[in-house]
Amino acid sequence: MNSPTPGTCRFCGCNGDSCNLPSGDKCMWLGPSRTVCTNPACMSAHFAEVARKKAEIRKLTRRPNSAQIHELIRRKKRGKKGRAA
Ligand SMILES: [Zn+2]
Ligand SMILES: [Zn+2]
């Protein structure tokens, strides 16, 4: 992954004040990182990327599913066999 350069929009490559927006204004920086401008196309690309990253993180930090938890509990109980509860 290429790292974005602050001061250059990573989607359209503008300098943060050169896109012509539908409102007639020029774009601005979307955040303090200064790598995404407020051009609607850049913003939607940026938010799509954020959503994708969040989904990836969720996948990585997924907890064991209930079947696995039940299996663990069953093993624990089996280990205590012979003792009065
Ligand atoms: Zn842009
Ligand atoms: Zn721009």
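The exercises below work through the salt bridges of this predicted model.

Residues are numbered from 1 along each chain as its sequence is written, and chains are lettered from A and ligands numbered from 1 in the order in which they are written.

**Exercise 1.** State how many salt bridges a search of the whole structure finds.

Solution. Step one is the criterion: a side-chain nitrogen of Lys or Arg lies within 4 Å of a carboxyl oxygen of Asp or Glu. Side chains of opposite charge can pair when their charged atoms come close. Step two is the count: the search of the whole structure finds three salt bridges.

**Exercise 2.** Describe the salt bridge between arginine 10 and glutamate 49, and where its partners lie.

Solution. Start with the distance, which is 2.7 Å from N to O. Helices here are DSSP runs (H or I, at least four residues), numbered from the N terminus.

**Exercise 3.** Decide whether arginine 10 and glutamate 49 are buried, partly exposed or exposed, and list the contacts of glutamate 49.

Solution. The classes come first: buried means under 20% relative accessible area, exposed means over 50%, and partly exposed is in between (1.4 Å probe, protein chains only). Arginine 10, with 32%, is partly exposed. Glutamate 49, with 13%, is buried. For contacts (heavy atoms within 4.5 Å), leave out residues up to four places away in sequence; glutamate 49 then touches Arg10 and Phe11.

**Exercise 4.** Work out how Glu71, Arg74 and Arg75 are joined by salt bridges.

Solution. Take the pairs in turn. Arginine 74 meets glutamate 71 at 2.7 Å, N to O. These two are three residues apart in helix α2 (residues 66-79), and about one helical turn separates them. Glutamate 71 also bridges to arginine 75, at 3.3 Å, N to O. That pair is four residues apart in helix α2, again with a separation of about one helical turn. Salt bridges with shared partners therefore join Glu71, Arg74 and Arg75 into one network.

How values were computed. This is a predicted model: local features need pLDDT of at least 70, side-chain atom pairs count only at pLDDT 80 or more; totals for chains, interfaces and linings use all residues. Side-chain values use heavy atoms; hydrogens and water are left out.
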